[in-house]
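Trainee: I would like to learn how to read a few local features in a model. Could we take them one at a time?

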Amino acid sequence: MYINSSLQAKLENSERMLKALLNNLDGMVYCCLYDDEWTMVFVGDGCKQLTGYDALSLVSNQDICFKAITFPEDRDRVRKVIEDAISSGQHFSVEYRIIHIDGGIKWVLERGCPLYNDSGEVEAIEGFMQDITQRRESEIAARKAEERYRSIFENALEGIYQTSPDGHYLNFNPALARIYGYDSDVDLIHGITDIKKQLYVDPFKRDEFIRLMTAHGHVKNFEALVHRKNGDIIWISENAREVRDQDGKLIFYEGTVEDITERKSYQQQIEYQATHDALTGLPNRTLLADRLQQYIGMAERYSSKVAVAFIDLDQFKLINDSMGHHAGDELLKIMATRLSGCVRDSDTVVRLGGDEFVLLLTGLHKIEDVSESMQRVLSSVADPCLIEGREFVVSCSIGISIYPDDARDTTTLLKYADSAMYKSKQSGRNTFQFYTDELNRRLMERLDMEYRLRQALDNNEFLLHYQPKLSFASGDICGAEALIRWQPVGESMISPASFIPIAEETGLIEDIGQWVLRTACSRAVELNARLGRELPIAVNVSPRQFRHSGLVGVVQSILKESGLNPACLELEITESSLVHDTGSFIKTLHELKALGVKLAIDDFGTGYSSMAYLKDFPVDRLKIDQVFVSRLEAEPSNIAILKAIVALGHSLGMKVIAEGVETAYQQAFLLGIGCDELQGYFFSKPLSTAAFDTFLIVGPSR
């Protein structure tokens, strides 16, 4: 056949390109006979890199046959894979090992297909071999690592887990199931579906776990009490971390769990033995200072008092010497039980040693509470004791010191209580003595005032004074604040500063507060009728009154009873009321506002207001505490505070009133910064009812 030169050149060029392509492939192209030796009839140049042999060494088995370099243990498997593919008329793919010329082992991936002769019989195989040694070694290493990890995971003594952020177990090892008392993985999965509610004894522990995770990304030595399947409670310690995906999204938590119940029990036992008296089980001297320091911290935080009562048994030595130490020990145990029964769970009874005990009474607001507790102690100790068939009667002497009245440190408080105890013994025993005579005197005065205060309402000893308010804008009287006064018959008037705290603590403030509100509303109606215009009257509501659930009903009833326009009544609530329950505080404010009355926050700037809540208060006025006004000339730093309060009040749509204005400078300054109203001696002192009526007609003297 004749082929022109142009076509011949193209064919030769194509052949060269094909040969170059085959030789440049990363692997070996081949064609072999379908015989027992896999006799090669064509081998690409990639043979050298793959096997270490030149291509000609394999062609026609010149130096070695391909079967010989196939790893012996893989030969039968490879032939079966190829034969099965050929019998079904399919291409084949098989991975196996070959022996490199240097003796090393390589993994290859071979892909190929059969070539048929004119009779349809398989005559040869053509295909491509690729070096996959690196991949197979990586897979083998990964599989071995996984097997090692699985072995560690399955056989670890610590519990290992993965949990979802919402509290479901995703994966865990058998040790975790054993720690929690479950028989199998399936048992645990079905048994705990909500970790927060079902596992932790304190469900808030899971919230704490999440908070720590969110803040730090891990938790370390996180200890908690948890439930086992059978209901037992154990201590565990967790170490865990967050696991996030490549986008930073939290996927799960993973960590370990250790049962530390035995360790915690041992620690608690050691700590208990170190801090408690072996005979009575009471806290001992070691724990005393620590517990007292805790109580002092609480007292500072909540503005309360702590009483330290030093107790000494009066006849203990006589019983101990005459009956023996065993009888003395029995007496001490009886006394420990009695003393514990005389105090609250929040208090502490300590045995110092011998026949000496200390009571720590915390959270006190009234000195009378201490007196009542000590009376119970004296009575309980003096009850007869039956020991070994004999009846004994003992008494005790008690000395008391008060934090912070007497001292502010633990050592001095204990020293003073001890001194007061000796004074008690000198006074005849079976009694108690406060550290200072002054404190005893004040206690007696207080008890007397409380008694008289209970009679004051029935005896009509209370009256109202009125302190006018001045409007900066108009210069006119814009209202007045009703202030209670106590005038016992034939005696000097008693300052509210003396009796209001007692009324507040004893609960008498609720009845007194209702009297003030009812009287102020009734007289406001009479006054407005005489004036021919409506003058708003402000009434203070004490913290205790404000927390009373019936306050809104009381105000509504008094308004209806008196006939006063609700808009003429302004209720002043001290800022300190906020510390108790802000949510309830806001709710009550809205209910009062719904009645139509005006609302003011008194003593603003010295309490505990949160700016986050202030915007939610339906309040009409802020009353600046007089401490900022009265020191204006002496403390220029108050200027910034006053400006800030006025700006804050106006930004929230409230009027701002300054209390305690006593000088022309103060008045001028407050006018200059935009304050709306003022109260104070510069304008007028609180006035009696008659004097207030005259004041409204005549006006201020200045």
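Mentor: Start with how elements are named: helices and strands are DSSP runs, numbered from the N terminus. Keep in mind that this is a predicted model.

Trainee: With that naming, where is Trp-38 placed?

Mentor: Trp-38 sits in the loop between strand S1 (28-33) and strand S2 (40-43). Its phi is near 55 degrees, a positive value in a residue other than glycine.

Trainee: Is Trp-38 buried or exposed?

Mentor: The cut-off for buried is under 20% relative accessible area. Trp-38 has 10% relative accessibility and therefore counts as buried.

Trainee: What is the phi of Asn-430?

Mentor: Asn-430 is not a glycine, yet its phi is positive, about 50 degrees. Asn-430 belongs to the loop between H16 and S17. Because its relative accessibility is 39%, Asn-430 counts as partly exposed.

Trainee: Which residues does the cis peptide bond join?

Mentor: Look at omega. The bond between Tyr-403 and Pro-404 is cis, with omega about 5 degrees. Pro-404 lies in the loop between strand S16 (396-403) and H16.

Trainee: Next, aromatic rings. How many aromatic pairs are there?

Mentor: Rings pair if their centres lie within 6.5 Å. By this rule the count is 15 aromatic pairs. One of them is Tyr-416 with Tyr-435, a stacked pair with 3.9 Å centre to centre and 5 degrees between the planes. This pair links distant parts of the chain, 19 residues apart: Tyr-416 is in helix H16 (residues 410-426), and Tyr-435 is in the loop between strand S17 (431-434) and helix H17 (437-456). Tyr-435 counts as partly exposed because its relative accessibility is 22%.

Trainee: Which residues form an aromatic cluster?

Mentor: Phe-462, Trp-486, Phe-499 and Trp-515 form one such cluster.

Trainee: Last, helix packing. At what angle do H19 and H21 pack?

Mentor: Helix H19 (residues 508-531) packs against helix H21 (residues 551-562) at about 30 degrees, and their axes are 9 Å apart. Angles under 35 degrees count as roughly parallel, so H19 and H21 are roughly parallel to each other. The crossing in which H19 passes H21 is right-handed.

Trainee: Which residues make the contact?

Mentor: H19 contributes Gln-514, Leu-517, Arg-518, Cys-521, Ser-522 and Val-525, while H21 contributes Val-554, Val-555, Ile-558, Leu-559, Glu-561 and Ser-562. By class, the residues in this contact of H19 with H21 are seven nonpolar, three polar and two charged.

Notes
Residues numbered from 1 in each chain as written. Predicted model: local features only at pLDDT ≥ 70, side-chain atom pairs only at ≥ 80, totals over all residues. Heavy atoms only, no water. Axes fitted to C-alpha atoms, helices over the stretch in contact; angles between N-to-C directions. Helix = DSSP H or I, 4+ residues; strand = E, 2+ residues; numbered from the N terminus. Parallel < 35°, antiparallel > 145°, perpendicular 65-115°, else oblique. Left-handed = near helix turned anticlockwise from the far one by under 90°. Contact = heavy atoms within 4.5 Å. Nonpolar A, V, L, I, M, F, W, Y, C, P; charged D, E, K, R; others polar. Phe/Tyr/Trp six-rings, centres within 6.5 Å; stacked < 30°, edge-to-face > 60°. Buried < 20%, exposed > 50% of the residue type's maximum accessible area, 1.4 Å probe, protein only.
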